[in-house]
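Here is a walk through one protein model and its ligand. Keep the sequence and the 3D view open as you read.

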Amino acid sequence: MTQSRESGNRLARTFPTARPAGCPFDPPAPFAEAREECPVTPLQYPDGHVGRLVTGLQSARAVLGDTRFSSLPAGKRSPVKVPGSELSTDALPAGMFVNMDPPDHTRYRRLLSKHFTIRRVRELRPRIQEMTDRLLDEMEGKGGPVDLVEAFAKPLPTLVTSELLGLPEEDRAQFGHHVDVLFSLSSSGEEMQQSMVLLGGMLHALIDAARKDPGQDILGRLTVETDLTDEELLGITIVLLIAGLETTTNMLALGTYALLRHPEQLAALRADWSLMDDAVEELLRYLSVVQIGPIRVAAEDFAFEGQSIRKGEVVTVSLPAANRDPSAFEDPDVFDIRRGTSRHLAFGSGPHQCMGHHLARLELSIGYESLLRRFPGLELAVPVDEVGTREMMVTYGVLGLPVRW
Ligand code: HEM
């Protein structure tokens, strides 16, 4: 991490993205140095703005729970240039509640959260299992080696989310393509804007269809039970797609990679499947795939943990750093599926805490267990140094994961 502009009596760092050589699961090393200095340190953004970096678990929870740190887009910037950071927020539809503060945020959240309760999510178990088994049948039919990302980790969350929204089968591939473009490192700002427009068109058609013939899916229910406008429904749908796909895909693939790289942990899990829920929690903590942000902007001047925060300062929370905080987790860099704690921040915290966390946990536990049971001899089909990672992207993961069995 380079140190540059002065902020108060500390030097402002730039946001590190490079993972330590040979340790693809560990956060960039400079985060630990920053945390040792102070859990909230000055951070320099690409345009020269100096704000804060949060690396301690307790401070991260405090920032995310304090609405003086606003989620509104005004003044927000990414600490590194990532795909999508040049997207104009003017083009975004109403209803994208992830970029809102209370009371607007609360209103949308209330309308949606009943579709993501643990009870509602449990009802989806048989369908998710069915979709998982179908994908594994296809993968087995191909005979390996296959890229686990393309064959399994991408399609499973796409199918689940499409089903939740009532997206017709024939539109799912095209829809997956636009989401890919929006998150790809190689897409230009123009391509992203174009995919955003085309995705918008597909979703408008879906909303029209839901109004004419509302089904039991989320969009169908929202058209019947609420007075949300088409534009608001569009914004909500985009949030669900963006929030639910990349994250779960990367957890499925990177999680499988982590298990393959820790054979003693994998053997323990194979010997006792009742460890699966704990394994999912530990994978969420250890991998913390949301690696850039959450990002907030101070809405006023105030004192926070003994520091003076000025209105307009941009604050970036590092979830991978917070989840390796040694004051919160014993031996935080050790991957231990018997750790038995869900006190991590992989899903964020506070009013914007991940709304899909029950669903994500269910997809992950069904996904990992079904995959590992189906292929008792699952292994990497390439040397580890050929597995590329997504360092410069909001969501960390593997670029591909060739496997055989
Ligand atoms: C392992 C998978 C997932 C991870 C690691 C994850 C992580 C996160 C994190 C860290 C946030 C907080 C963002 C912030 O504070 O600004 C968040 C928000 C959100 N997530 Fe997830 N997520 C996952 C899966 C899902 C799924 C499957 C869905 C639903 C289909 C979903 C829906 C949402 C929504 C709607 C928000 C915004 C909540 C709000 O602003 O009130 N997520 N997620």
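This is a predicted model: local features need pLDDT of at least 70, side-chain atom pairs count only at pLDDT 80 or more; totals for chains, interfaces and linings use all residues.

Leaving aside neighbours within four places in sequence, N250 is in contact with V289, T395, Y396 and G397. The residue belongs to helix α11. Is N250 buried or exposed? It is buried, because 25 other C-beta atoms lie within 10 Å, and the cut-off for a buried residue is 20 or more. V290 is 40 residues away from N250 along the chain, yet their C-alpha atoms are separated by 9.5 Å.

Now move along to L254. Setting aside its neighbours within four places in sequence, L254 is in contact with L287, V289, Y396, G397 and V398. L254 also belongs to the largest nonpolar core, a set of 97 residues. Together with A253 and L287, it has the most contacts inside that core. Which helix gives this core its largest share? That is α11, residues 230-261, with 15 residues.

Next comes the ligand. Its shell has 24 residues, and the closest are G244, T247, G348, C354 and G356. Helix α11 returns here as the element that gives the most to the shell, with 7 residues. Both α11 and α15 (357-374) supply at least two residues each. By class, the shell has 16 nonpolar, 7 polar and 1 charged residues.

Three strands form an open, antiparallel sheet in the order β6-β12-β11. β6 (146-147) and β11 (379-380) stand at the edges with a single partner strand each, so one side of each has no neighbour in the sheet. β6 pairs with β12 (residues 402-404) over 2 bridges, in the antiparallel sense. In that pairing, D147 stands opposite P402.

Some backbone details are worth a look. The peptide bond between G144 and P145 is cis, with omega about -5°. P145 lies in the loop between α5 (125-142) and β6. A cis peptide bond also joins G293 and P294, with omega about 10°. P294 is in the loop between α13 (276-287) and β7 (295-298).

Two non-glycine residues have positive phi values. For E305, phi is near 45°. E305 is in the loop between β8 (302-304) and β9 (307-309). It is partly exposed, with 14 other C-beta atoms within 10 Å. For D331, phi is near 40°. D331 is in the loop between α14 (319-322) and α15. It counts as exposed because 9 other C-beta atoms lie within 10 Å, and the cut-off for exposed is 12 or fewer.

Notes: Residues are numbered from 1 along each chain as its sequence is written. A nonpolar core is a set of buried Ala, Val, Leu, Ile, Met, Phe, Trp, Tyr and Cys residues joined through C-beta atoms within 7 Å. Helices (H or I, at least four residues) and strands (E, at least two) are DSSP runs, numbered from the N terminus. Two residues are in contact if their C-beta atoms, placed from the backbone, lie within 7 Å. A residue is near a molecule or strand if its C-beta atom, placed from the backbone, lies within 6 Å of it. Ala, Val, Leu, Ile, Met, Phe, Trp, Tyr, Cys and Pro count as nonpolar, Asp, Glu, Lys and Arg as charged, and the others, Gly among them, as polar. Two strands pair if DSSP finds at least two bridges between them.
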